[in-house]
Amino acid sequence: MNSLQHAAGMIFIVIGLGFDVFGCIGLIRLPDVYNRLQATTKCVTLGTCSILLGTFILKGLGTTGVKAILAAIFLLLTSPVAAHALARGAHKSGVKLWPKSVADKYEQDRN
Amino acid sequence: MKNLRWLTGFGILAASILFVMLYPILSLLSWQSGFLAHSFFILMLCFAMCLFRVMAGPTPADRAVAIDTLGILIVGFCAILSVPTGRDWYLDIAIAWALQSFIGALALAKYLEGRGFDE
């Protein structure tokens, strides 16, 4: 493992850890289910994909790196679907929006 | 007296959390150190935040979102663990966990909509 490969992998992993921490701070601090969902599902998914990409760069094109790339592709494909289903389920179960919210297009389309 | 005890406990808690957060970052200062061997402490801080939202969420949708986030974080946890130990079966655990977390999130969404599981 040369030094440039090590430095690039470490930079990707550190960026991913930062995205994870800020996504979880958004999970605590934001006022609403929908705001929390849009904070976490982007930050945490892309942060974890960055960690997996850093693992691929550190390990090279072996079994470990290919498994990391497979996990990243699977996560990028399935996590938006799960977030969309959760938001739809939360809206149908009658969770109120934050009182300072501006628009609710989904409610307007259903009527 | 009660305020003093609350303040002391809060100070100890905040100091421990800050130490957990800053302990791997201090090892970045020396070149080629074991930053990766300590960096999952940062993810443990994220786990604590998600578990707080599971515990204190006002609606069931909050808890479902926090569980989904926790499942994605565990994938990154396993990926980080596989680098300094050199064992690649941690990534097998990561792929399987991503799969079952996706299915669990879909089942929770169907439960929130109020439909049955076999529709």
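A residue counts as buried if 20 or more other C-beta atoms lie within 10 Å of its own, as exposed if 12 or fewer do, and as partly exposed in between, with C-beta atoms placed from the backbone. Keep that in mind as we walk through this predicted model, in which local features need pLDDT of at least 70 and side-chain atom pairs count only at pLDDT 80 or more, while totals for chains, interfaces and linings use all residues. Residues are numbered from 1 along each chain as its sequence is written, and chains are lettered from A and ligands numbered from 1 in the order in which they are written.

Let's start with chain A. Its secondary structure comes to 4 helices and 0 strands; here helices (H or I, at least four residues) and strands (E, at least two) are DSSP runs, numbered from the N terminus. From the N terminus on, the pattern is therefore simply α-α-α-α. The C-alpha atoms of chain A fill a box of roughly 60 × 25 × 15 Å along the principal axes. The radius of gyration of chain A is 18 Å, whereas a compact globule of 111 residues would have one near 13 Å. This radius is taken over C-alpha atoms, and the globule rule is 2.2 Å times the number of residues to the power 0.38. Buried residues make up 42% of the 111 residues in chain A.

Chain B has 5 helices and 0 strands, following the pattern α-α-α-α-α along the sequence. Its radius of gyration is 19 Å, well over the 14 Å that the globule rule gives for 119 residues, so chain B is more spread out than a compact globule. Along the principal axes, the C-alpha trace of chain B spans about 55 × 50 × 15 Å. Of the 119 residues of chain B, 31% count as buried.

Which residues of a chain touch each other? Two residues are in contact if their C-beta atoms, placed from the backbone, lie within 7 Å. Among contacts between residues at least 6 apart in sequence, 63% in chain A join residues at least 24 apart; the figure for chain B is 39%.

Now look at where the chains meet. In this model, 40 residues of chain A are in contact with 40 residues of chain B. On the chain A side, the elements that give two or more residues are H1, H2 and H3, and H3 of chain A gives the most, with 17 residues. By class, this side has 23 nonpolar, 12 polar and 5 charged residues. In this count, Ala, Val, Leu, Ile, Met, Phe, Trp, Tyr, Cys and Pro are nonpolar, Asp, Glu, Lys and Arg are charged, and the others, Gly among them, are polar.

Leaving aside residues up to four places away in sequence, A:Leu86 touches A:Leu37, along with B:Ala64, B:Val65, B:Asp68, B:Ala105, B:Leu108 and B:Ala109.

H4 of chain B is mostly covered, as 19 of its 26 residues are buried. From first C-alpha to last, H4 of chain B reaches 38 Å, close to the 38 Å expected at 1.5 Å a residue, where the expected span is 1.5 Å times one less than the number of residues. After H4 of chain B comes B:Gly86, whose phi is positive, near 75 degrees.

In H3 of chain B, the buried residues are B:Ile42, B:Leu43, B:Cys46, B:Met49, B:Cys50 and B:Arg53. They cover an arc of only 110 degrees around the axis, which puts them on the same side of H3 of chain B; the arc is that of the directions from the helix axis to the C-beta atoms. An α-helix has 3.6 residues a turn, so residues three or four places apart point the same way. The buried residues of H3 of chain B pack against H1 of chain A together with H1 (2–26) and H4 of chain B. The face turned away carries the exposed residues B:Met44, B:Met55 and B:Ala56.
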